[in-house]
Amino acid sequence: MFSGIVESTAKVIKIVKEQENIHFTFTSPFAHELQIDQSVSHNGVCLTVVSLNKDDKTYTVTAMQETLDRSNLGLLKEGDEVNVERSMPMNGRLDGHIVQGHVDETAECIDIQDAQGSYYYTFKYPFDKEMAQRGYITVDKGSVAVNGVSLTVCNPTDDSFQVAIIPYTFENTNFHSIRIGTKVNVEFDIIGKYVARLSRPE
């Protein structure tokens, strides 16, 4: 369980493909604090630490094919940055919203507007009526996780939504590297999914 409040970015330093899996090695400011089997969100994807090298502050995680199909992790290259967050302690504050680390799909950045210091990003994703009825949608002033960042939705449509990014978020996450055409990971609000499920006729 995560809050969508990104701790830092981690840099990809090695990518190894093994059959249908990909092993990613990252360097991170908190790598020396990690433990084997610990969960870390990478661009919103919950992955398990499988090996550590605390001397050079690196760790390795493994993504299976289903994760690669649903997320942008398969597009990563050495040198890329990802947003990282360790799992939320049970006695911690929920400063963002409930983020599971289970990415639903990717979306494409279709517009970036400079708002005199802040930025408005617009993302478009494939619309599916059945999935929308199951809660895979955004609503105005609702929550959404984009690359693991907890954000408030504005100006949603059936297949797009906009988010406002303040300078701190722009500088301290990989939003500063998002361009028009960039694919991002999206996790829709889990509470919305449960409400949609309970509201569906039997």
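Predicted model: local features only at pLDDT ≥ 70, side-chain atom pairs only at ≥ 80, totals over all residues.
Trainee: How many residues are in the second, separate core?
Mentor: Some of its members are Cys-109, Tyr-121, Tyr-136 and Val-186. The number of residues in this second core is 20.

Trainee: Which residues does Leu-73 touch, not counting those up to four places away in sequence?
Mentor: Leu-73 is among the residues of the largest core that touch the most other members. Its contacts, with those sequence neighbours left out, are Phe-24, His-42, Val-45, Leu-47, Ala-63, Thr-67 and Leu-68.

Trainee: Is Ser-41 buried or exposed?
Mentor: First find its place, which is in strand E3 (residues 39–42). Beyond its neighbours within four places in sequence, Ser-41 is in contact with Phe-2, Cys-46, Asn-83, Val-84 and Glu-85. Its relative accessibility is 4%, and the cut-off for burial is under 20%, so Ser-41 is buried.

Trainee: How far is the backbone nitrogen of Gly-44 from a polar atom of the side chain of Ser-41?
Mentor: Here we look at the side chain of Ser-41 and the backbone of Gly-44. The distance between these two atoms is 3.3 Å.

Trainee: Which element gives the most to the lining of the largest cavity?
Mentor: The structure holds one cavity of 30 Å³ or more, and the largest cavity has about 30 Å³ of space. Its lining consists of Gly-44, Val-99, Val-103, Ala-145, Gly-148, Asn-185, Val-186 and Glu-187. Three residues of the lining come from the element that gives the most, strand E12 (residues 183–188).

Trainee: Is Thr-138 buried or exposed?
Mentor: Thr-138 sits in the loop between helix H2 (129–133) and strand E9 (143–146). Leaving out residues up to four places away in sequence, it touches Tyr-125, Val-144, Val-153, Pro-156, Ser-160, Phe-161 and Phe-188. With a relative accessible area of 7%, under the 20% limit, Thr-138 is therefore buried.

Trainee: What about Thr-106: what is its relative accessible area?
Mentor: Thr-106 belongs to strand E7 (residues 105–115). Apart from neighbours within four places in sequence, its contacts include Arg-70, Tyr-125, Pro-126 and Lys-183. Thr-106 counts as partly exposed, with a relative accessible area of 23%.

Trainee: Where is Asp-37, a residue with a positive phi?
Mentor: Most residues other than glycine have a negative phi, and most peptide bonds are trans. Asp-37 is not a glycine, yet its phi is positive, about 80 degrees. It is exposed, with a relative accessible area of 59%. Its place is the loop between E2 and E3.

Trainee: Asn-155 has a positive phi too. Is Asn-155 buried or exposed?
Mentor: The phi of Asn-155 is near 50 degrees. Asn-155 lies in the loop between strand E10 (149–154) and strand E11 (160–165). Its relative accessible area is 51%, and the limit is over 50%, so Asn-155 is exposed.

Trainee: Last one: which backbone oxygen does the side chain of Thr-173 reach?
Mentor: Thr-173 is in the loop between helix H3 (167–172) and E12, and it is buried at a relative accessible area of 4%. Setting aside neighbours within four places in sequence, Thr-173 is in contact with Val-6, Thr-9, Asn-83 and Val-149. At 2.7 Å, its side chain reaches the backbone oxygen of Thr-169.

Methods. Residues numbered from 1 in each chain as written. Heavy atoms only, no water. Helix = DSSP H or I, 4+ residues; strand = E, 2+ residues; numbered from the N terminus. Buried < 20%, exposed > 50% of the residue type's maximum accessible area, 1.4 Å probe, protein only. Polar contact = N/O pair within 3.5 Å; in protein donor to acceptor, adjacent residues only side chain to side chain. Contact = heavy atoms within 4.5 Å. Core = buried A, V, L, I, M, F, W, Y, C linked by side-chain atoms within 4.5 Å. 1 Å grid on protein atoms, 1.4 Å probe; cavity = no way out; pocket = protein on both sides within 12 Å on 5 of 7 lines; lining within 4 Å. Points joined across faces, edges and corners; volume = space filled by probe spheres on them.
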